[in-house]
Amino acid sequence: MLPADVTPQDLASAARNELKTLSKENAEQVARHLAMAARLIDDDPQLAHQHALAASRSAGRIAVVRETVAITAYAIGDFALAVRELRTFRRISGRDDQIALLVDSERGVGRPDRALEVGRAVDRTALPVEVRVELAIAMSGARLDLGENERALQELDIPELDPDRAFSWSPGLFAARAAVLEELGRLDEAAQWQRRAEIAEDVIGARDADSETLLIEEIDEVELDDDEIDDLDPDGEDAVAPAAAESESDAEPAPELATEIAPEPAPASVQDEVDEILAEAGTDDAAGDAPDAESTR
């Protein structure tokens, strides 16, 4: 059963566009099932999978439907089904958006060699950066499955592995490197990368929680001497002598507190939060600023 409050508009517009080949009634029903799958995937993956299957029964030739079945199958540990559905998704769509999930699903069915073949067959330069990072992590895991620990570490040596910046993919990438280093017995390095992963996670979580931020300029506190204190009235207001008062037109505007709601920051660009976390952690500040990035050292 679909809750009455779930509407087709709850599904992302790009996904709804893929359903335009269906009849209006069928498209709306399928969209609602997909929206429910997205809503439930984290809390109740089994029920999310049932909604994905319901959508598949009505629209099995639609790429986003097969993709959703694959994702929910992976979430419940049905890796064989995930592999089949991901292959179908790639064939229908011609896209490699879920290549990392396919590699990981091949690992899940006990085929790390096959997982590496699938990953190597893809042109990584053509992948979005997030997908490229996810693929590197999956390939590293396949190397670990084969006992190739040094090569597992090499799979993670990608340009996106920047220890001084936190992007959306950084926590997972840092944690993956920490896990490989631990397997190699390099425990001190592993602890450092795990710490970086935790800091990056905190920064990104703080950014997401503060999508609307009240900006307040810092005000310097100035100590007054006795003569200046005498110039204050009993209520603490500045007493301004008539001769010294400036007209509104001549006076320099007093600084005001900035109270506008700031626009949501660009992805992974929260330098102030990083500096605060680093200060609390007792870690040196990372040098330099970069747009779309946050310091993690």
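Guide: What follows is a walk through the helices, their packing and some salt bridges.

Visitor: Is this predicted or experimental, and which is it here?
Guide: This is a predicted model.

Visitor: How many helices and strands does the protein have?
Guide: The secondary structure comes to 13 helices and 2 strands.

Visitor: What share of the residues is buried?
Guide: Of the 297 residues in the protein, 38% are buried. As for contacts between residues at least 6 apart in sequence, 59% of them join residues at least 24 apart.

Visitor: Let's go to α7. Which residues are buried there?
Guide: Pro112, Ala115, Leu116, Val118 and Gly119 are buried in α7. Seen down the axis of α7, those buried residues fall within an arc of 160°, so they line one face of the helix.

Visitor: What do the buried residues of α7 pack against?
Guide: They pack against α5 (79-93), α6 (99-108) and α8.

Visitor: Take α6, then. At what angle do the axes of α6 and α7 cross?
Guide: The axes cross at roughly 165° and come within 7 Å. That makes α6 roughly antiparallel to α7, since angles over 145 degrees count as roughly antiparallel.

Visitor: Is the crossing of α6 and α7 left-handed or right-handed?
Guide: The crossing of α6 and α7 is right-handed. On the α6 side the contact is made by Ile99, Leu102, Val103, Glu106 and Arg107, and on the α7 side by Pro112, Arg114, Ala115, Val118 and Gly119.

Visitor: Glu106 and Arg114 are charged. Which network of salt bridges are they in?
Guide: Glu106 and Arg114 belong to a network of salt bridges that also links Arg87, Arg111 and Glu117.

Visitor: How many salt bridges does the count come to?
Guide: The count comes to 18 salt bridges.

Visitor: Are glutamate 155 and arginine 143 buried or exposed?
Guide: Both glutamate 155 and arginine 143 are buried.

Visitor: And one within a single helix?
Guide: Glutamate 198 forms a salt bridge with arginine 195, with the closest N and O atoms 3.8 Å apart. These two are 3 residues apart in helix α11 (residues 187-209), so about one helical turn separates them.

Visitor: Why does that spacing matter for which way residues point?
Guide: An α-helix has 3.6 residues a turn, so residues three or four places apart point the same way.

Visitor: What are the relative accessibilities of glutamate 198 and arginine 195?
Guide: Glutamate 198 has a relative accessible area of 38% and is partly exposed. Arginine 195 is at 35% and also counts as partly exposed.

Visitor: What about glutamate 189 and arginine 186?
Guide: Their side chains meet in a salt bridge too, at 2.9 Å from N to O. Glutamate 189 counts as partly exposed at 32% relative accessibility, and arginine 186 counts as partly exposed at 30%.

Visitor: Back to α8. How far apart are the axes of α8 and α10?
Guide: The axes of α8 and helix α10 (residues 170-183) are 10 Å apart, and the two helices pack at an angle of about 15°. That makes α8 roughly parallel to α10. The crossing of α8 past α10 is left-handed.

Visitor: Which residues meet there?
Guide: From α8 there are Val133, Ile137, Ser140 and Leu144, and these meet Gly172, Leu173, Ala176, Val180 and Glu183 in α10.

Visitor: Where does proline 128 lie?
Guide: Proline 128 lies in the loop between α7 (112-120) and α8 (129-145). Its relative accessible area is 41%, so proline 128 is partly exposed. Aspartate 97 is 31 residues from proline 128 in sequence, and their C-alpha atoms are 8.1 Å apart in space.

Visitor: Last one: histidine 51. Buried or exposed?
Guide: Histidine 51 is buried, because its relative accessible area is 6% and buried means under 20%. Histidine 51 lies in helix α3 (residues 45-58).

Visitor: What is histidine 51 in contact with, leaving aside its neighbours within four places in sequence?
Guide: On that basis histidine 51 is in contact with Met1, Leu2, His33, Met36, Ala37 and Leu40.

Key
Residues are numbered from 1 along each chain as its sequence is written. This is a predicted model: local features need pLDDT of at least 70, side-chain atom pairs count only at pLDDT 80 or more; totals for chains, interfaces and linings use all residues. Side-chain values use heavy atoms; hydrogens and water are left out. Helices (H or I, at least four residues) and strands (E, at least two) are DSSP runs, numbered from the N terminus. Buried means under 20% relative accessible area, exposed over 50%, partly exposed in between (1.4 Å probe, protein chains only). The arc is that of the directions from the helix axis to the C-beta atoms. Contact means heavy atoms within 4.5 Å. A salt bridge is a side-chain nitrogen of Lys or Arg within 4 Å of a carboxyl oxygen of Asp or Glu. Axes are lines fitted to C-alpha atoms, for helices over the stretch in contact, and angles run from 0 to 180 degrees between N-to-C directions. Angles under 35 degrees count as roughly parallel, over 145 as roughly antiparallel, 65 to 115 as roughly perpendicular and the rest as oblique. A crossing is left-handed if the near helix is turned anticlockwise from the far one by less than a right angle, and right-handed if clockwise.
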